[in-house]
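Trainee: I have not seen this structure before. Please take me through its strands and helices.

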Amino acid sequence: MIDLLNLNKLKRQRLSSLLGIALDGSRLDGLVVRRTNGSLEVQQSFSVSLSLDPLTADAELVGREIRNHLDAAGIRERHCVVGLPLKWALTTHAEMPDLPEADIASFLQIEAERGFASDVATLHYAASRVNVPAGKQQALLVGIPKNHLSLLEQALRAANLKPISFSLAVAALQPPMADASNGALALVIGESHVGLEITCGGGVAALRALEGALESEGGRKVLHADLVAREARITLGQLPAALRESVRRARIFGPRDLAQQLADEIELRLEPMGLKVELVTRYAANEFGFQLPSDAPASPALSLAAGSLAGRKAPFELLPPRVTPWQQMAARYSSGKFRMAGATAGAVILIACGAFLFQQWQLIHLRSQWNAMSPKVHELEGVTQQIHQYRPWFDESLRGLTILRQLTTAFPEDGVVTAKTVEMRDLNVVTCTGTTRDNPSLLKTLDRLRASGGVSEVRLVQIRGSKPPLQFTFDFHWSEGGKNEN
């Protein structure tokens, strides 16, 4: 089976442009990045507040709203990378023993089942491994409810988008493999909270959404720097001493005014911990291996798209793999107790194929017999037509009964719409009166009648009454030939 991450990597290498989307609460930010001649060009962008919640509203309606915003911004790019809200993430830590690489996935599965508060079967999770001094490792496991991911993916596909990666927006701003992220604490100011990420030892050591650090008062956002500083100290204190001592910088991302305010207020609070506060508003030169516009502000959407075009692997890849029906069947019947069932199914398929081949042989044999007798049949048909020329003319189509049959099949069987009278004029113009319990059922009946062969110009002449049953009259034209059975 092809590894999903490798498949997405190959797909990204072939793309020259990509849509980066970052979802944070009801806020949706996005932009299109194009790769040309060793540089990245930022094209269309948008920043909107969704009126529908992707987790509670109908996916088709959410997709339609997203599509409307994309059309308004002139965005036609379909392939996208998506930054998920940090609030969706559940985290747990695991101490890594000295194991062969082939056994790591099984070990992390066990740790996920033991560490997450919810059933791991309902989560899609990924892990980031951190190198601890003295040759040890620990892993941070991040789990997202599968239902959240499924609903978001359905909404994006309804918006005519093709997601190739789901990851955390905060991890895209400060990826652990970047030089600037080595031994750093990132604070990302979002729509309703402050995201906290600690990167060191080549991985992500901690992730948290600091609730209550950002509030709205009278339409204005208020930051609580003391709460942010306290939670930062607590989070650092939970790390192994060797990792904690390697963190020397606090990098602040977000809207410039709020980021500057947080930097000014938190600097003295973090100084006793040996942390130097750094306000990040622009990208470093050649940060993604490509030249970026000098005025491009640091944002999750741009980091997602630029990092993906540069071939940078997301620290947490959370896009669920697309499992084909064949893979589902193979996984179901691969275990020993289903082998007999699989063999039985194979035997049934073999018998069915044999029956099909026998049927084809019979068809070939009958076709050869028909080819032998067809000249005589055509000769007899010619004689029959000549005989008909000397008989009284009549029409065999039973036009009146045919009209009644078409009209009857258009009416529903549950009696919601019933006919009282049917009048035919010259077996061409038909008028029908009757009663209906509701308008939609009557309209569906007329639609079925319009779809019938030989029926044209269906017209609702009259509908009377304010309460059921309603009385109606409609007429139509019949255009097929036929005979009068009277």
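Mentor: Strand E9 (residues 184–189) and strand E14 pair in the parallel sense over five bridges; two strands pair if DSSP finds at least two bridges between them. Helices (H or I, at least four residues) and strands (E, at least two) are DSSP runs, numbered from the N terminus. The model is predicted, so local features need pLDDT of at least 70 and side-chain atom pairs count only at pLDDT 80 or more, while totals for chains, interfaces and linings use all residues. Residues are numbered from 1 along each chain as its sequence is written, and side-chain values use heavy atoms, with hydrogens and water left out.

Trainee: Which residue in E14 does Leu187 stand opposite?

Mentor: E9 and E14 are parallel partners. In E14, the residue opposite Leu187 is Ile252.

Trainee: How many residues of E14 are buried?

Mentor: Buried means under 20% relative accessible area, exposed over 50%, and partly exposed in between (1.4 Å probe, protein chains only). E14 covers residues 249–253 and is mostly covered. Of its five residues, the buried ones number four.

Trainee: Through which helix does the chain cross from E14 to E15?

Mentor: E14 also pairs in the parallel sense with strand E15 (residues 276–279), over four bridges, and Ala250 stands opposite Val277 there. The β-α-β crossover between them is right-handed: with the strands pointing away from the viewer, the path from the first strand over the helix to the second runs clockwise. The helix, at residues 256–270, is H8.

Trainee: At roughly what angle do the axes of H6 and H8 cross?

Mentor: Axes are lines fitted to C-alpha atoms, for helices over the stretch in contact, and angles run from 0 to 180 degrees between N-to-C directions. The axes of H6 (residues 225–237) and H8 come within 9 Å and cross at roughly 45°. That makes H6 oblique to H8, as angles under 35 degrees count as roughly parallel, over 145 as roughly antiparallel, 65 to 115 as roughly perpendicular and the rest as oblique. The angle asked for is roughly 45°.
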